[in-house]
Amino acid sequence: GVDVEFYSEDGTIRGDKVRLIDFDDPAANDWLAAGQFTVIEGSINRRPDIVVFINGLPLGVIELKAPGGENATLSGAHNQLQTYKTQIPSLFRTNAVLVTSDGITARVGALTADQERFMPWRTTDGRVIAAKGQPELNILIEGIFDRRRLLDLLHDFTVFGETGSGLAKIIAVYHQFHAVQHAVDKTVEASAPQGDRKVGVIWHTQGSGKSLLMAFYAGQLVRRPELENPTIVVITDRNDLDDQLFGTFSMCRDLIRQTPIQADSRDDLQSALSRASGGVIFTTIQKFSPATGEATYPMLSDRRNIVVIADEAHRSQYGFRARIEQKTGEIAYGFAKYLRDALPNASFIGFTGTPIEKDDVNTPAVFGEYIDVYDISRAVEDGATVPIYYESRLARIELPEEEKPKIDAEIE
């Protein structure tokens with residue numbers, strides 16, 4: 001809200017907050033979409049095609065180009081918005097979304113997004129995806145400007161981050177928005193007393209924004225009363241991934257309502273997980289392994305309101321069966337077994353761009369069924385990533401004859 005001061009009945013000055021938007025009850029707000037809305041700033045007089053207002057605040061600007069016109073392109077519409085931003089900047093002080101359309105295709109982006117970051121919105125419910133080539137504008141309008149969805153996008157799926165060119169405003173794209181909502185529902189179900197603690201798998205291809213998706217997801221979890229202020233543990237299998245995700249979550253700390261922490265050692269991890277509730281903890285899965293000379297990993301917390309987010313869930317998340325260490329002859333397990341020994345009642349969700357489904361290594365078997373799938377073909381259609389081309393090559397390998405028996409013996 002906005003801080004205000006006012007005189008109370010006894011004549012004293014009091015301070016309070018005024019909420020500009022009611023996010024709980026969409027009908028309590030005043031909604032208006034104005035066509036050819038005139039904005040005069042100094043000597044400049046401009047009329048954007050459509051401006052969407054909530055309680056008098058201009059939150060959306062839509063620029064439409066008539067099909068067949070000379071500048072009837074998405075580039076023309078985007079350039080027009082840039083002109084408006086320069087000439088009538090007061091219109092964009094509270095802006096949440098910008099929309100461009102050439103009458104057939106349509107894109108949505110944040111205030112600071114360049115043209116390549118304006119993306120399609122191909123669904124209204126997150127389950128039925130419009131086919132490529134189908135008219136996009138109606139789906140985008142219904143998918144974003146539904147009152148409940150627009151308020152959710154503004155409240156829960158908008159963040160700010162520093163980039164090389166300054167502060168950037170970032171909003172979720174459609175596959176992030178709907179995947180988070182479905183994942184939160186699955187999390188509440190899995191973490192309930194009768195739940196199986198398997199939230200599921202989000203299969204989103206490389207480059208589709210999984211880091212931000214995880215941050216949006218965490219921001220939703222901390223607001224759910226059913227989870228009673230959960231502890232969120234983010235697991236990676238490499239230090240560089242841990243640092244990258246930690247940076248994204250730190251950028252989104254207002255969204256997750258707390259500052260995340262990194263566990264630098266086993267002792268640090270065990271101390272962080274000893275808390276009664278709350279917290280966003282980053283660590284690598286290698287820290288969930290017994291200390292030297294020990295065969296088991298201690299239980300760190302038996303709370304049910306712990307949610308483990310596993311990045312690159314197709315890797316390092318197996319090993320429930322015992323194996324014999326060749327060098328020591330001791331019985332050992334994989335990291336996944338020790339992780340669940342440490343957090344026996346936690347719920348687990350996996351994020352990956354390349355899930356595995358084999359008899360001995362099966363990502364859905366570990367985490368649960370697929371919650372949302374955004375594969376490479378759809379990402380290429382949306383322009384979220386570039387196509388992948390494979391070139392078959394045969395690499396010739398020659399080994400000295402005297403070395404071959406040694407290699408055979410090693411493999412056996």
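View 1. The model is predicted: local features need pLDDT of at least 70, side-chain atom pairs count only at pLDDT 80 or more, and totals for chains, interfaces and linings use all residues. Residues are numbered from 1 along each chain as its sequence is written, and side-chain values use heavy atoms, with hydrogens and water left out. R197 occupies the loop between α4 (174–191) and β12 (198–204); helices (H or I, at least four residues) and strands (E, at least two) are DSSP runs numbered from the N terminus. Although R197 is not a glycine, its phi is positive, near 65°.

**View 2. N229, a residue with positive phi.** The phi of N229, which is not a glycine, is about 55°. N229 belongs to the loop between α5 (210–221) and β13 (231–236). With a relative accessible area of 39%, N229 is partly exposed.

**View 3. The largest nonpolar core, with 63 residues.** A nonpolar core is a set of buried Ala, Val, Leu, Ile, Met, Phe, Trp, Tyr and Cys residues joined through side-chain atoms within 4.5 Å. Y217, F249 and I349 touch the most other members of this core. Its largest share, eight residues, is supplied by α5.

**View 4. Surroundings of F249.** Leaving aside residues up to four places away in sequence, F249 is in contact with S211, M214, A215, A218, V234, I256, P260, V280 and F282 (contact means heavy atoms within 4.5 Å). A second, separate core of 26 residues includes I281, I285, A332 and F367.

Conventions. Buried < 20%, exposed > 50% of the residue type's maximum accessible area, 1.4 Å probe, protein only.
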